[in-house]
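This report covers a few local features of one protein model. Please keep the sequence and the coordinates open while reading.

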Amino acid sequence: MESSMSDTGVTGAIYIAQCLKNEGVEIVFGQCGHTNYALIDACQREGIEYVSFRHEQQAVHAADAYYRLSKKLAVINVHLSPGLTNALTGVVSAATDGTPMLVIAGNTPSYHHPREAHQAIRLHADASQGDIFKAVCKRVWRIDQVDWLRDVMHRALNIAQTGRSGAVLLDVPMDMFSAKLTAPIDTTARRPNYPRSVGDAQGLTEAVRLLTTAERPVIYAGNGVALSGAVDELAQTARLLQAPVATTLVGKGVFPETDPLSVGTTGIWGARSANNTTLEADVILAVGTAFGEADCSSWNPEYVFNIPGGTKLIQIDIDPQELGKSYPVDIGMVGDAKATLAALNALLKDAPRPADKVKAQLDAVAQRKRDWREELKESQEDPGKPIHPARLLRDLSNAAPDDVVFVTDVGWNKNGAGQQLEVKRPGAFITSGGMATMGFSPAAAIGAKMGAPDRKVVCLIGDGGLLSVVGALTTAVELNIPVVWVLFNNFCYSTIRTVGSTYFNNKYGTEFRTPDGELYNPDFMELAKSFGIASALVSEPDEVPAALEDAFSKDAPFLLEVRTRGDLPMPRTGYWDIADFLQGGND
């Protein structure tokens, strides 16, 4: 129930907290400071949990993943200047992947803005910390008068969560948190009360004609399907068309990869079965994807999408700017994925594809998938030491429960995982897509578990990535969040090590060594112990399955260190044009 009016004389901080509570917000993530503590206190008074991390970037990654599993708004509350700039990496990562997020930052008192206030960003304009976020947020407000909150709060909450969702920032001088106002708590009542937008009827009719007369139609699903909650509608579209489904990396999981119609992820490090299937398609139905470079092999028409060469494109997106941005469209429809697919399905029910065309296509897809599995077999069964990361990924797929949530970082534990892990349920694969942010997964896994407490959450992380954000583990212990961190320890930044060795005949700056040349990392078992986290170390390939089974049986934070090879490039099935510039190094 919405309350019509807050109590007379409510502080700005209490008003914000009441608006959040009215919105259904249950958790706010962040880190404390003197400028934002009023809101922390207000959240506690209003029954909203405040989850503190040791670094603001970690808090934002956790909030990002929390939204992706719970579908509850990600809310961040941080201190001014260094607190807000620490959050920047997490905010741009979330915003790039379409996570709706409200960032609330304290600032110096408004009456000090023209002066040299402590910690103020003021090099080009007074109290200008919000300017840094204009490049990554849908909208930025500075609340210079407390009465502005009555008009800004509903706009901020609406803009973050409607259209192409993303981040917004409220920059709040600390005296505005303390100043009092009287205003209605009516944010949800301000949200447009109409059905989800549906693609144009004429476009839908023409799309049905193209899809049902095609020889080799393919459905291509992106993260917009997850954001819209269109998983069931996507599955129905696939069933009605009897067409294969490929996904983007961030969209992985919106269609079960154990289904015969699934061909996997596309792109530079995609599954070959997916790349070859989309490449030979005569019609692509693309839903909720920006056609990013990594998913499209630098848009080279020889590898993933032969558009406009031999393939017609039907594109559905909530954001009109996405239509035709990367590829010319034959049919472009602005619409919500869930509503538009539902409308498309209503038409497809009366327009089945010819059985002979379906059989010919699906037979070819099945063979392509068998060939891909055979291609992976050698690396996935590699008996050598250190352990081949592909073998670890295979064992992870086999050992994980059906409801697992894999939260991945960068390198083999992101791109290799996207290529080779087989996931069965929505939300089973959480990653930093657009930014590919190293250090994303340790805290994101904690947020994911908070968003889906009944699912097993497994974080995949490299040694370089973990040590960049190792403080995240403290929050898991403090809140007893039972995450399993699987550490790929190879004593290097392995992806860049292979860049150096492949193109420059050099590994300088990529390996972790002591001055005498010995490989170096902290003792991760002792490190885990110092946090109060149980752990185990595996270096024998044959011991990995049992170690994973034991780790997954825990109902407490657990770290499993696996010694993996660091000299292996990611198995590239597509194309990335950076290789054209790296080729030859500096010779």
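The model is predicted: local features need pLDDT of at least 70, side-chain atom pairs count only at pLDDT 80 or more, and totals for chains, interfaces and linings use all residues. Residues are numbered from 1 along each chain as its sequence is written, and side-chain values use heavy atoms, with hydrogens and water left out.

Helices (H or I, at least four residues) and strands (E, at least two) are DSSP runs, numbered from the N terminus. The expected span of a helix is 1.5 Å times one less than its number of residues.

| Helix | Residues | Number of residues | Expected span | Span between end C-alpha atoms |
|---|---|---|---|---|
| H3 | 56-70 | 15 residues | 21 Å | 21 Å |

In H3, 14 of the 15 residues are buried (under 20% relative accessible area, 1.4 Å probe, protein chains only). Lys71 follows H3 and has a positive phi, near 60°.

The buried residues of H5 are Leu149, Val152, Met153, His154, Ala156, Leu157, Asn158 and Ala160. Their cover includes helix H1 (12-22) and strands S5 (101-107), S6 (139-142), S7 (167-173) and S8 (180-181). After H5 comes Gly163, with a positive phi near 60°.

Thr265 lies in strand S11 (residues 262-265). Thr265 is buried, with a relative accessible area of 2%. Its side chain reaches the backbone oxygen of Gly418 at 3.3 Å. Beyond neighbours within four places in sequence, the contacts of Thr265 (heavy atoms within 4.5 Å) include Thr247, Leu249, Glu257, Ala271, Gly418 and Gln419.

Conventions
Buried means under 20% relative accessible area, exposed over 50%, partly exposed in between (1.4 Å probe, protein chains only). A polar contact is a pair of N or O atoms within 3.5 Å; within protein, one must be able to donate a hydrogen and the other to accept it, and residues adjacent in sequence count only if both atoms are side-chain atoms.
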